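These are my notebook entries on what I looked up in the structure, kept in the order in which I went through it.

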Amino acid sequence: MNISIQSIVAKVEAEVQKLKKATEQGNQQAIREHAAVIKAYSELLQDNEESRQPTPVGEGKSISKVVPSPVVDVDEKESLFDF
């Protein structure tokens with residue numbers, strides 16, 4: 001889902017106005033609710049920005065180094081049938 005930053009900012013501004021009214025009225029429950037909504041919108045903005053940033057090459061991927069096995073001479077190699 002692609003939500004525009006401007007629409008989120010507009011929602012935050014509306015919640016700030018509601019928070020101001022709740023503060024003037026001294027309504028602690030409404031203050032907590034509006035603060036939680038503002039926090040959720042802020043997190044949404046952060047997630048939106050992080051998803052737009054390109055991931056640097058190699059980040060999050062581990063690269064394992066392959067160590068070549070030593071060369072074994074066929075004559076020295078043991079057989080399953082050697083007891």
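I began with salt bridges, taking one to be a side-chain nitrogen of Lys or Arg within 4 Å of a carboxyl oxygen of Asp or Glu, and by this rule I counted one salt bridge. Glu15 forms it with Lys18, and the closest N and O atoms are 3.6 Å apart. I noted that the model is predicted, that local features need pLDDT of at least 70 and side-chain atom pairs count only at pLDDT 80 or more, whereas totals for chains, interfaces and linings use all residues. Residues are numbered from 1 along each chain as its sequence is written, and side-chain values use heavy atoms, with hydrogens and water left out.

I then looked at where the two partners sit: Glu15 and Lys18 both lie in helix H1, three residues apart, which is about one turn of the helix. Helices here are DSSP runs of H or I with at least four residues, strands are runs of E with at least two, and both are numbered from the N terminus. As a general point, an α-helix has 3.6 residues a turn, so residues three or four places apart point the same way.

Next I compared how covered the partners are, with buried meaning under 20% relative accessible area, exposed over 50%, and partly exposed in between (1.4 Å probe, protein chains only). Glu15 counts as buried because its relative accessibility is 9%, while Lys18, with a relative accessible area of 43%, is partly exposed.

Which residues does Glu15 touch, not counting those up to four places away in sequence? I found His34, Val37, Ile38 and Tyr41, where contact means heavy atoms within 4.5 Å.

His34 is buried, because its relative accessible area is 17%. A polar contact of 2.7 Å joins the side chains of His34 and Glu15; such a contact is a pair of N or O atoms within 3.5 Å, and within protein one must be able to donate a hydrogen and the other to accept it, with residues adjacent in sequence counting only if both atoms are side-chain atoms. Leaving aside neighbours within four places in sequence, I listed Glu15, Lys18, Leu19 and Ala22 as the contacts of His34, so both partners of the salt bridge are named there.

I also checked Val16, which has its place in helix H1 and counts as partly exposed at 28% relative accessibility. The C-alpha atoms of Val16 and His34 are separated by 7.5 Å, although the two residues are 18 apart along the chain.

Turning to H1 as a whole, I wrote down Ile8, Val12, Glu15 and Ala22 as its buried residues. Seen down the axis of H1, these buried residues fall within an arc of 75 degrees, so they line one face of the helix; the arc is that of the directions from the helix axis to the C-beta atoms. The face turned away from that buried side carries the exposed residues Gln6, Glu13, Lys21 and Glu24. Just after H1, I found that Gly26 takes a positive phi of about 75 degrees.

Before helix H1 (5-25) comes the segment in which Ile3 has its place, and at 27% relative accessibility Ile3 counts as partly exposed. Ile3 and Leu45 are 42 residues apart in sequence, and I noted 9.2 Å between them in space, C-alpha to C-alpha.

Buried residues make up 11% of its 83 residues.
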